[in-house]
Amino acid sequence: MRIDAKGKLFDALNAEISEHNGELEIDNCLGQRFIAAGASAKQVVINGVPGNALGAYLAGATIEVNGNAQDAVGDTMNAGKIVVRGNVGDAVGYAMRGGAIYISGNAGYRAGIHMKEYREKKPVIVIGGRAGSFLGEYQAGGIIIVLGLHKDGKPILGNFPCAGMHGGKIFLRGDAQRVVFPRQTTRRAASPSDMYEISSYLAEFCDLFKINVREFSRDDFTVVVPNSSNPYKQMYVAN
Amino acid sequence: MQREGQVRIPSGCAISAMISTTGARMTGETIVKSMIPMHDRSNGLGGGFAGYGIYPEYREFYALHVFFDDPSAQYECEKYLKEGYEIVKSESIPIRKIPEITDVPIIWRYFVAPLASVLSRLQLDEHEFVARTVTKINSQFRGAYVFSSGKNMGAFKAVGFPEDVGRFYRLEEYAGYSWTAHGRYPTNTPGWWGGAHPFALLDYSVVHNGEISSYDANRRFIEMFGYRCTLQTDTEVIAYIADYLLRRQGLTLEELASVIAAPFWSELDASESVESSSRAYLRKVFPSLLLTGPFSIVLGFTGGVMALNDRLKLRSMVTASNRDVHYIASEEAAIRAMDPDARNVYSPAGGEPVIIKVEEGAY
């Protein structure tokens, strides 16, 4: 089923999307917000530029964007998959609680801000290029992988990554020696079990964007984790 | 009617800009289009545009755009203007009457030149004289508000959604080498015509998405130099800061950006370059002009535009280009609405100014 989004307001477009399950393809998308918010049983392909909060509260659906996406992709998403063949704006995966986001290009500021996990619900963001400042800000769970495949010569991360991080893991390709991390985090080379943990995500990334998986070797990856379960103990109150 | 505190207004706002580096003149139709996909970033309480290069036939004269509450306010204001200026043309700004725009004030345009005799008596250059005139009218003349005062440029603003404001002012009938636009979602003040963006003084204009938490500190500092913040709206102070630092202090645009979106001390301490020490110097000299809180702005000026985000990048901003035309907007969708084939889409970092200038002599 194809939907022409040209000239449609976001509420009309989303009403149309929610009426159909199964495969949907949206053409001429231009800034309509909240596309497929809360959707569970559908596969949505978007041609054009979807608006902010694409796939917010996503509950199992699959979204694929042929182009760039704007801010807050996958805001508070619970399950499902979002694939962006391009760049995403700021705050991708904001407070994400499950599912996976794959981005072939770069992410803006605050990717993965306040992601969290609980038992089997473990959200994942894979960023093909570079990420802006405040990557994983207040991260409480889940996995963020930044591959640094961008070619514009800019550093893989902006400033202040992992500020307030107290859970989850960040994987960076490269030694990230020049990146300054807060003292409440620990940086180390990836271990075989770290790599095992992300192998299926790397394989899926390579499959989605047609990249040779053998380009990534274990030696390449740096892992950043909080250095205790309560790194900000007594920062505000004596707890 | 609900009052302050009884209604929660989530912050939004939309900005956009387009500029031809070869000075090619484009009608206002395209910039109006950019506001359509960003409709929900505004709430109908303000929209506006600034066009540069739109009055080539009067390029030597200051174009004053003025709102008047009533004819007596206009009479008093004109009497004052005639004491210092030759008024070469005085006309109402053409509008299209549409149901979306209501409570229309008297909207007038004057093309003026300061009288040489007055300038020499006061020993002022003409820019300073015009700036003082604007400040005086806006702070002391009841029912009169000058909302645009540059040469060969003009701001157009109203209460309404920006795409309606564009139709209201018939912007398709103007052609300029650069345009900026704003859709307003006021957070702290009720919407009124003067409070819409752009805020303009001389040829500087500012459109802004965000909220300046340092507003009062900035206002207290800038009012020491003769400016008067009459609107309680944070964007107004940014326009005056731009005028003060660029025109009166002679700073470059990069230096202006470095003052209002100063780098963190940790960033400055980590570098020993000459550039870092000069930026540290600026931070020390103008600490009261640091803007804190979220903002993305486009500053328009004769021959160019500058886009800038706050250093934490708490608002979105995207740039792109296609041949000689460069685009800036809060959302990529807005750029695609202006030009579906725009390329080089880029998200500037917080505090990283994007400066685009028209080739010298082409404007």
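Mentor: A strand here is a DSSP run of E with at least two residues, and strands are numbered from the N terminus. On that basis A:A91 falls in the loop between strand 5 (79–84) and strand 6 (100–103) of chain A. The model is predicted.

Trainee: What is the phi of A:A91?

Mentor: The phi of A:A91 is positive, about 55 degrees, although the residue is not a glycine.

Trainee: How do you know whether A:A91 is buried or exposed?

Mentor: By counting C-beta atoms: A:A91 has 26 others within 10 Å. The cut-off for buried is 20 or more, so A:A91 is buried.

Trainee: Why is A:E64 called partly exposed?

Mentor: A:E64 has 17 C-beta neighbours inside 10 Å. Buried needs 20 or more and exposed needs 12 or fewer, so a count in between is partly exposed. A:E64 belongs to strand 4 (residues 59–66) of chain A. Leaving out residues up to four places away in sequence, A:E64 touches A:V45, A:I46 and A:V83.

Trainee: How many residues apart along the chain are A:E64 and A:R173, and what separates their C-alpha atoms?

Mentor: They are 109 residues apart along the chain, with 25 Å between the C-alpha atoms.

Trainee: Turning to chain B, why is helix 7 described as largely enclosed?

Mentor: Twelve of the 15 residues of helix 7 of chain B are buried, so the rest of the structure largely encloses this helix. Among the buried residues are B:D234, B:V237, B:Y240, B:I241 and B:Y244. The buried residues pack against helix 4 (126–140), strand 11 (199–201), strand 12 (204–210), helix 6, helix 8 (253–260) and strand 13 (295–301) of chain B.

Trainee: What span does helix 7 of chain B have, and what is expected?

Mentor: Helix 7 of chain B reaches 21 Å from its first C-alpha to its last, close to the 21 Å expected for 15 residues at 1.5 Å a residue. B:G250 follows this helix, with a positive phi near 75 degrees.

Trainee: What makes helix 6 and helix 7 of chain B oblique to each other?

Mentor: The axes of helix 6 (residues 215–223) and helix 7 (residues 234–248) of chain B come within 10 Å and cross at roughly 40 degrees. Roughly parallel requires an angle under 35 degrees, and roughly perpendicular starts at 65. The two helices of chain B are therefore oblique, and their crossing is left-handed.

Trainee: Which residues of helix 6 of chain B meet helix 7 of chain B?

Mentor: B:Y215, B:N218, B:R219 and B:I222 of helix 6 meet B:D234, B:V237, B:Y240, B:I241 and B:Y244 of helix 7. That contact between helix 6 and helix 7 of chain B comprises six nonpolar, one polar and two charged residues.

Trainee: Why is helix 7 of chain B also called oblique to helix 8 of chain B?

Mentor: Helix 7 and helix 8 of chain B pack at about 130 degrees, with 10 Å between the axes. Helix 7 of chain B is thus oblique to helix 8 of chain B, since roughly perpendicular covers 65 to 115 degrees and roughly antiparallel means over 145. Helix 7 of chain B passes helix 8 of chain B in a right-handed crossing.

Trainee: What classes of residue make up the contact of helix 7 of chain B with helix 8 of chain B?

Mentor: In this contact B:I241, B:A242, B:L245 and B:L246 of helix 7 meet B:L256, B:V259 and B:I260 of helix 8. The contact of helix 7 with helix 8 of chain B has seven nonpolar residues, no polar and no charged.

Trainee: What covers the buried residues of helix 8 of chain B?

Mentor: Those buried residues are B:L256, B:A257, B:S258, B:V259 and B:I260. Their cover includes helix 7, helix 10 (274–285) and strand 14 (304–309) of chain B.

Trainee: How do you know that the peptide bond from B:H197 to B:P198 is cis?

Mentor: Its omega is near 0 degrees. B:P198 sits in the loop between strand 10 (178–183) and strand 11 of chain B.

Trainee: How many residues of chain B are in contact with chain A?

Mentor: 15 residues of chain B are in contact with 16 residues of chain A. Helix 11 (residues 332–338) of chain B gives the most to the chain B side, with five residues. That side of chain B has seven nonpolar, three polar and five charged residues.

Methods. Residues numbered from 1 in each chain as written. Chains lettered and ligands numbered in written order. Predicted model: local features only at pLDDT ≥ 70, side-chain atom pairs only at ≥ 80, totals over all residues. Axes fitted to C-alpha atoms, helices over the stretch in contact; angles between N-to-C directions. Helix = DSSP H or I, 4+ residues; strand = E, 2+ residues; numbered from the N terminus. Left-handed = near helix turned anticlockwise from the far one by under 90°. Contact = placed C-beta atoms within 7 Å. Nonpolar A, V, L, I, M, F, W, Y, C, P; charged D, E, K, R; others polar. Expected span 1.5 Å × (residues − 1).
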